[in-house]
Amino acid sequence: MKEKIDEIKKNALNEIENTSDLKELDNVRVKYLGKKGELTAILKMMGTLPKEERPSFGSLVNKAKEEVQSKIAEKEDQYKTEEINKKLESERIDVTLPASKIKKGSKHPLNRVIEEIEDLFVSMGYDVMEGPELETDEYNFERLNLPKGHPARDMQDSFYITTEHLLRTQTSAVQARTLMGNKEKGPIREIVPGKTYRREDDATHSHQFNQVEALVVDKDISFADLKGTLEIFMKHMLGENTQLRFRPSYFPFTEPSYEVDVSCFKCGGKGCNLCKRTGWIELLGAGIVHPNVLKMNGYDPDIYSGFAFGTGLDRLAMFKYGITDIRLLYENDVRFLSQFDRMDK
Amino acid sequence: MLLSINFLRDYLDIDKDIDIIDFSEKMTKLGNEYDSAERFINVDGLLIGKVEKCESHPDSDHLHVCKVDLGNKKVQIVCGAPNVREGIKVIVAPDGTKLPGGEIKKTIIRGQESNGMLCSIAELGLDSKFLKEEDKAGIHELDDDAPIGEDPIEYMGWNDYVVDFDLTANRGDLLSILGMAYEVGSIYDKKVKKIDLNHKEYSEETLEKSGDYKLPENDIAIVEEKIADMTEKIEKDKKLNFKLKINTDNCKLFLAKKVMNVQIKESPAEIKEKLMASGIRPINNVVDISNYVMLETGQPLHFYDADTLNGMLEVRMAEEEEKLTTLDGQERLLNSDDIVISDGERSIGLAGVMGGLDTEITDNTVNVIIESAIFDSVKVRRTSNKVLRSEASNRFEKGLNPNRTYIAIERACHLLEKYAEGKVIEGISKYDKIEKEYSKVDITVSKINKVLGTIIDKKDILDVFRKLGFEYETEEKDDKITVIVPKRRIDISIKEDLIEEVGRIYGVDNIEGRNLALPVKKGSYDKTKREIRNKMMDLGLNETLSYVLVNPEEAGMFTNNEHEKVEILSPLTVEKSVLRQSLSTALYKIYQYNSSRNNQDISIFEIGKSFYKDGNDYVEENKLACLMTGEYNLGLKTQSVDFYVIKGVAEEVLNHLGYEGRYSFKVDNNIPKDLHPGKSAIITIDGKSIGIIGRINPIVCKEDVYVMEINLEILNKIKTGSMKYKELSKFPSVRKDISIIVDNDTSAEDLQKAIKNAGGRVLQSVRVFDLYTGKGIPEGKKSIAFSVELSDSKKTFTDDEIAEIMNKISENLSKKYNAELRK
């Protein structure tokens, strides 16, 4: 009997091996394991055997059945995998075809620069302030130590609305408002980014432009603090290797006053077209708040001191993004605007 | 300010082989930025030659073939200048010389060898404004004494450097060679040399010599500070026979002296060179001296032809509409803000700006009146802005040192005697109401160090003052220093000015930067603006940056603002003359610009201000505006922008800011006329109007363009709650549809509200999913279908409960809006 069982098993395994798809495999299963299958049939013969042989016979047949079943299962897996793979292969797409268009918005380069500066200074404890763009002569000039008749405030350089109102020519106009408003005289740390206006329009000047102003006032604020702060600011904006050069200068609202040059980030200070071969680019005005400004706005200059600086944001944005013509910033051609659509480095 | 180093050498010892770039950089670090630093004539290798032989070129009717002696050799040079001839001494550019026009090379000219070029002045690169007729016509002829083989630039005294400084407005003192000498002296620690004012004086009647003008002191520091007193002593009892009348407060100091019998001729080469290097064209010896003294002292002078005057000088304000012909030949219309000089009968000069034509120095002038005066700087600036900005007006504007007013007039006398053989008449006409007190400024070493953030020793601070030529008083152990500020430094009046001087001379580079030692705190900024900007960017819109100034027609577009517009007093152009009253008007301009450049699909936004006038107050408001047209795609879908697209953008922004469920879009009679009346709405939150939205009126723009504008000032005042977690229902929600027929003008928003009210607490959402008019629906009616989501956090609805809620909803709809349920 054992031979017979072995014979059937061998044949079954052989036939399984020789199938080529799920259908043939199923035929083989019916042939051996179905209700009328060969292995099912042989099991029925067990009743004809003497009692004591029955267990070993039963186990032999079951073992053969298991072996055949497991072989069928293995083969079935193989066919199913092959079938899926074949189907997937038939679904192959061209991954190089263009993607579905997802419209991206963009942020104006000037506001990008403003946000970058805001983030830096907010992290150092500065408040970002906003002031009126339509200012009074008092705040734009007089309270900044620029009395009427001062050469630096000729009528023709500003957009006056009445003799007492004008479009602010500098974000510094907010300085006096902050000082006047700070009744408790706690430390002031503020920056004021925003639009400013001058009565000129040509290839390198826009009548509307943007500045950022910083003001720090407390009891022991010195030039060394100003220098340290500007070093952080400029290295953050223009790179760690940026060098600063302070040139004594003159502004009515600061004393001492400085113009601050940065080492040319295009040539690293060797001299190129951008820096007009000097290696330096003039970027900021800065200084120690003039005692008259403190006095006029409710501060005792013998107790308090402060520093202020300001810079043009249009130029910073142009430097940062390699924009060569200031007019591009205000033309708002969507082909220009759309370029500023990703994260800044 | 052009600084001639040769000129500077008159008053300061400067190394012969100075490194001009190093010098200019040092000055820049002191705050005197330089634009350029060059040699006056930037040519090497020129030689003085003598034309030994000069023959006509065999193959030319105008060229000459010359044998030129260069000292150690003789060369042949072909020359085309009409004035070349045997015996003259010339400037030779030998083979290899680099001239501004190019390099000179040995060549053959029509068969004749030429080993260089004989030069004209123009070819040396001298500014064309200094060229005389003969310089343009031919080669330059040197005097007979010119040494053959030597450097002609050296011989002519043109071996000079010129540094162009861009000076700050407060350093008017540096608009003079003397001022520069003090400043440069502080760098190299050198003393300024004395200025020669000596001259003889004559009686006006007899022209007999009556004395010598000689100051008792020879030290320039003393002369500089004491000259007014010294003049007082010398001129005692001598009165010039010449009247002065000062009829305005705008002149505080006026001096006049007479010099007779001057001989008008060309100035000596040395003076001409210094003038040219300083950017001033030499005219004749007398006129040149007035300019020369101005350059030296910073005090502008005016010379009158004495014989054209009426025996007196008067300073007064001009009459309204008074006329004056200035020396450039132009008739000027004056007003009462202009200071004029008159001779008692007529105005003869605009004070500080320009002299009159009638009284100017001519080739026939014999007697000269010198005017040295100080006029009000603001008045001079106003007049010069109207008429002409000149070297003189520039100096008046910056403010003058009264001691130099005295020095300058005596210096002019000295030079007129020396170079024009003039006889200086004794006495001086004087009007002097200038404050004579010296300003003394107290400062402490600790204050200096506190402001600069340094630890500089007192000894080093005193050394700074010494280098600057400032006198000071201090006790050895004392922190306090009293500085006596010289009159020339009108920029110094308070201790902070002295701190700046210490910072300058000590050197900013020597001060270490440090970190602020203020308490740590979190800075603040306007988060809403940033969030809006980021949200709009997420929605695929491009941010713009537009102009606030627009033309008068555009200013009031897209707004019903009844207030007055804000106008610029003197605009650059009418296109930029009025402040916008809406932000949409600026975006509409940007749309037009892009449209004209064939950019069709535009979705832009901006946060910016608009302005109006309310009575006497000016109001400015932050707005968010958005403009959309053409194709818009978000996600994977593309669609043409219509009202509902821009409405979606508006809702997204408002939702993002936390106003979800609180805003409505309302049809209103108050829609600005620039919007399509049937496709626009007012946006409200809690019933309060915050902005407008809609299609631009086809009368304004025939393309399908939509705008939206929200007033952020109003919006920011409407509080929002914070973001809070809402418990998820454990029970399934039920979705039901309801379709109704209502009158056409019933708004979807009202119907939704009615559904919500009827649905109550369990109603989670209502959304329109179908809208239909036409076949099957009666005229004037529309079919509208809503999908309603119901859920309760406590239970699962039974069918009966659902039917009851839906019943309530339809009853409410039919009661309020006469809605007919569609089966």
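These questions and answers go through a predicted model of two chains and ask what each label rests on.

User: What makes Glu130(A) and Lys529(B) a salt bridge?

Analyst: Their closest N and O atoms are 2.7 Å apart. The rule asks for a Lys or Arg side-chain nitrogen within 4 Å of an Asp or Glu carboxyl oxygen, so the pair qualifies. Across the interface of chain A and chain B, the rule finds 12 salt bridges.

User: Why are strand 1 and strand 6 of chain A said to stand at the edges?

Analyst: Look at the strand order first. The open sheet of seven strands in chain A runs 1-4-5-9-8-7-6, with mixed pairing. Strand 1 (127–128) and strand 6 (244–251) each have a single partner strand, so one side of each has no neighbour in the sheet.

User: What makes strand 4 and strand 5 of chain A a pair?

Analyst: Strand 4 (residues 188–197) and strand 5 (residues 208–218) of chain A are joined by 10 bridges and run antiparallel. Pairing needs at least two bridges, so these strands count as a pair. Within this pairing, Tyr197(A) stands opposite Gln208(A) of strand 5.

User: Which helices lie against this sheet of chain A, and at what angles?

Analyst: One of them is helix 7 of chain A, residues 173–181. This helix touches strand 4, strand 5 and strand 9 (305–312) of chain A, and its direction makes about 145 degrees with that of strand 4.

User: What is the strand order of the three-stranded open sheet in chain B, and which are its edge strands?

Analyst: The order is 28-30-29, with antiparallel pairing. Strand 28 (439–444) and strand 29 (471–473) are the edge strands, as each pairs on one side only. The twist averages 30 degrees from one strand to the next.

User: How do you know that strand 28 and strand 30 of chain B pair?

Analyst: Six bridges link strand 28 to strand 30 (residues 480–485) of chain B, in the antiparallel sense. The threshold is at least two bridges, so the pairing stands. Val441(B) sits opposite Val483(B) of strand 30.

User: Which helices of chain B touch or lie across these strands?

Analyst: Helix 12 (residues 445–452) packs on the sheet, touching strand 28 and strand 30, with its direction at about 70 degrees to that of strand 28. Helix 13 (residues 458–467) lies across strand 29 and strand 30 and runs at about 5 degrees to strand 30.

User: What is the omega of the cis peptide bond between Glu255(A) and Pro256(A)?

Analyst: Omega is about 0 degrees. Pro256(A) lies in strand 7 of chain A, residues 254–263.

User: What is noted about the phi of Asn332(A)?

Analyst: Asn332(A) has a positive phi of about 60 degrees, although this residue is not a glycine. Asn332(A) sits in the loop between helix 11 (328–331) and helix 12 (334–337) of chain A.

Note on methods: Residues numbered from 1 in each chain as written. Chains lettered and ligands numbered in written order. Predicted model: local features only at pLDDT ≥ 70, side-chain atom pairs only at ≥ 80, totals over all residues. Heavy atoms only, no water. Helix = DSSP H or I, 4+ residues; strand = E, 2+ residues; numbered from the N terminus. Axes fitted to C-alpha atoms, helices over the stretch in contact; angles between N-to-C directions. Contact = heavy atoms within 4.5 Å.
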